[in-house]
Amino acid sequence: MSSIRGVIAASEAHTAAAGARLLRRGGNAIDAIVAAKLAATVTELPLTSLGGGGVCLWGDADDGYEVLDFFAAAPGRGLATLPKLDFAPITVDFGQATQVFHIGKAAAAIPGELVGLLALHRRAGRRSLREVVAPAAAWARDGFRVSPQIAMIAGLIAPITRHSPTVARLFLPGGQLPKAGDRLANPELGDFLHALGEDDPDTQVAKYWESLVDHFGPAHGGLITAQDVAAYAPVVREPLRVPFGAHTVLTNPPPAAGGGLIGVGMRIAEGLGLGREEFLSREHQLALAAVLATVSDFRQTGYDELLRTDPGAIRSLLAGDALPAWVGRARSLRTENPLGATTHISVIDAEGMAAVMTTSNGEGCGHALPGLGIHVNNFLGEDDINPGGFHRLAAGTWMSTMMSPTIVLAGDRPCFALGSGGSNRIRSAILQALLNLLLYRRPLDEAVNSARLHVEGRKLWFEDVGLAAGAADALQTAWPGATHFDSTSMFFGGVNCVASSNGYLSGAGDRRRGGVVVVAE
């Protein structure tokens, strides 16, 4: 009998270590992923927060699989009219491009991450909440060493880190942005996490909600009301199922956007017979770009409206034999967020339970909860998840997301568990990793870290890394104005994947976003 307790892949070393610690202590995949995500709220602070939101897909062959959706909802219940809003544009410089985000207290949607993680642990965790919280609480109180990846991202969002004293306290010790290797601490968050594990968690959640209403309500330029927090609860959903050869792919269902688009891409690739071309060849890259373009077209033919009005149609579509005739060529160019401030964790334990979780804080709204050290999201200020315009969603509306935690089944058992950060590129990153694994039969690390493409409307982005002779030129010819990267880039997401095969557990972390794998023994 193997002594291995499980495997975890994440985007930061502390995050992975927290999950591995729970596996070694006899915890299951849920204990590990909740501990890891709590740690990430401390050590991946530009990317995720207890003031953010996310989604987890988890389960096993015996008990089946489910999605716990704790993404954000639109605030404003009980408000007859909009108050004067604290909502302003801010420009972030990514070097190759700049992008405008909106921050301020009116950029904050109702966050689900805290209550979502607690609900997930209650549903299926094995170890005590005290044990699960302990690594995150210790790093928040005592400090942790900042990774190069996190230091770089903090630098990118520097204007947001300086926006208010409550957020500057988290990011700017001594008034300076952290460098790789610097020590950061968040004692207020550490005390809150410690109390969460030691006391009645419901009391701490009530304290959190009260602070959110007090500081992000209409009196302070925000939209979050007492009615909003009273009504919010994570939602259990049936995973979207995509048959794919000998496998079944489970992913995030509507109202999320990403899972259905990944499923569409897989069905198109299967129908076109992809997988016979030489990997990374000219033919492979052109065929893949065509698949991604069709997925982008698909989104422009009423897909987002269908998510809200008839989500069952998307399930039926992906379970059937053909895509409908209304998949046209109606391309439109969307603005791409070069950062895509999301982060992903994948776990498979020795007993065959898989758990995959993607979370985000957006870029953060530039304000934190006083006394709690929690930077609150700016989901209402991101163009890509507000396609109808800012502050147009009815209060209580569940916001859509590209987050797509995904599990691949062989029979009923998980063989791959993966997901990615990266805003709109999430769908392309996961689709390519799946095709690399299931059609091109590439080894796990190569499947995750080989060159990627992304198509949005009339625009192609691609990495010219390891491509066969002539492939890059062919892409540039087929896609005039394409943007090519001569090295791998975090723009293309951060797929973290774990695998189970014949009792052997392994993983691959995406080096674009500091991916880390720990096999817990």
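**From one buried isoleucine to the sheet, cores and helices**

Not counting residues up to four places away in sequence, isoleucine 407 touches Leu57, Trp58, Tyr65, Thr248, Val249, Leu250, Ala354, Val356, Pro414, Phe416 and Ala417. The model in which these contacts are found is a predicted one. Isoleucine 407 belongs to strand E15, which covers residues 406-410, and because its relative accessibility is 0%, the residue counts as buried. Arginine 513 stands 106 residues from isoleucine 407 along the chain, and the C-alpha atoms of the two are separated by 21 Å.

The next element to trace is an open sheet of seven strands, whose order is E8-E3-E2-E12-E11-E1-E22 and whose pairing is antiparallel. Strand E8 (235-237) and strand E22 (516-520) stand at its edges, and each has a single partner strand, so one side of each is left without a neighbour in the sheet. From one strand to the next, the twist averages 15°.

Helix H1, made of residues 13-24, lies across E1, strand E11 (342-349) and E22, and runs at about 15° to E22. Helix H3 (residues 113-124) packs on the sheet as well, where it touches strand E2 (53-60), strand E3 (64-70), E8 and strand E12 (354-360), and its direction makes about 155° with that of E3.

In soluble globular proteins, nonpolar side chains tend to be buried together. Here the largest nonpolar core has 105 residues, and those with the most contacts inside it are Leu38, Leu50, Leu120, Leu193 and Trp209. Helix H2 (residues 29-43) gives the most to this core, with 10 residues. Leucine 38, if its neighbours within four places in sequence are left aside, is in contact with Leu50, Leu117, Val132, Val133, Ala136 and Leu193. Apart from this core lies another, of 61 residues, among them Leu307, Met402, Leu438 and Ala472.

On the H8 side, Phe192, Ala195 and Leu196 meet Pro201, Gln204 and Tyr208 of H9. Sorted by class, the contact of H8 with H9 has five nonpolar residues, one polar residue and no charged residues.

The last stop is threonine 294, placed in helix H12, which spans residues 282-309. Threonine 294 is buried because its relative accessible area, 18%, falls under the 20% cut-off. A polar atom of the threonine 294 side chain lies 2.9 Å from the backbone oxygen of alanine 290. Glycine 457 is 163 residues from threonine 294 along the chain, yet the C-alpha atoms of these two residues are separated by 9.4 Å.

Methods:
Residues are numbered from 1 along each chain as its sequence is written. This is a predicted model: local features need pLDDT of at least 70, side-chain atom pairs count only at pLDDT 80 or more; totals for chains, interfaces and linings use all residues. Side-chain values use heavy atoms; hydrogens and water are left out. Helices (H or I, at least four residues) and strands (E, at least two) are DSSP runs, numbered from the N terminus. Buried means under 20% relative accessible area, exposed over 50%, partly exposed in between (1.4 Å probe, protein chains only). Contact means heavy atoms within 4.5 Å. Two strands pair if DSSP finds at least two bridges between them. Axes are lines fitted to C-alpha atoms, for helices over the stretch in contact, and angles run from 0 to 180 degrees between N-to-C directions. A nonpolar core is a set of buried Ala, Val, Leu, Ile, Met, Phe, Trp, Tyr and Cys residues joined through side-chain atoms within 4.5 Å. Ala, Val, Leu, Ile, Met, Phe, Trp, Tyr, Cys and Pro count as nonpolar, Asp, Glu, Lys and Arg as charged, and the others, Gly among them, as polar. A polar contact is a pair of N or O atoms within 3.5 Å; within protein, one must be able to donate a hydrogen and the other to accept it, and residues adjacent in sequence count only if both atoms are side-chain atoms.
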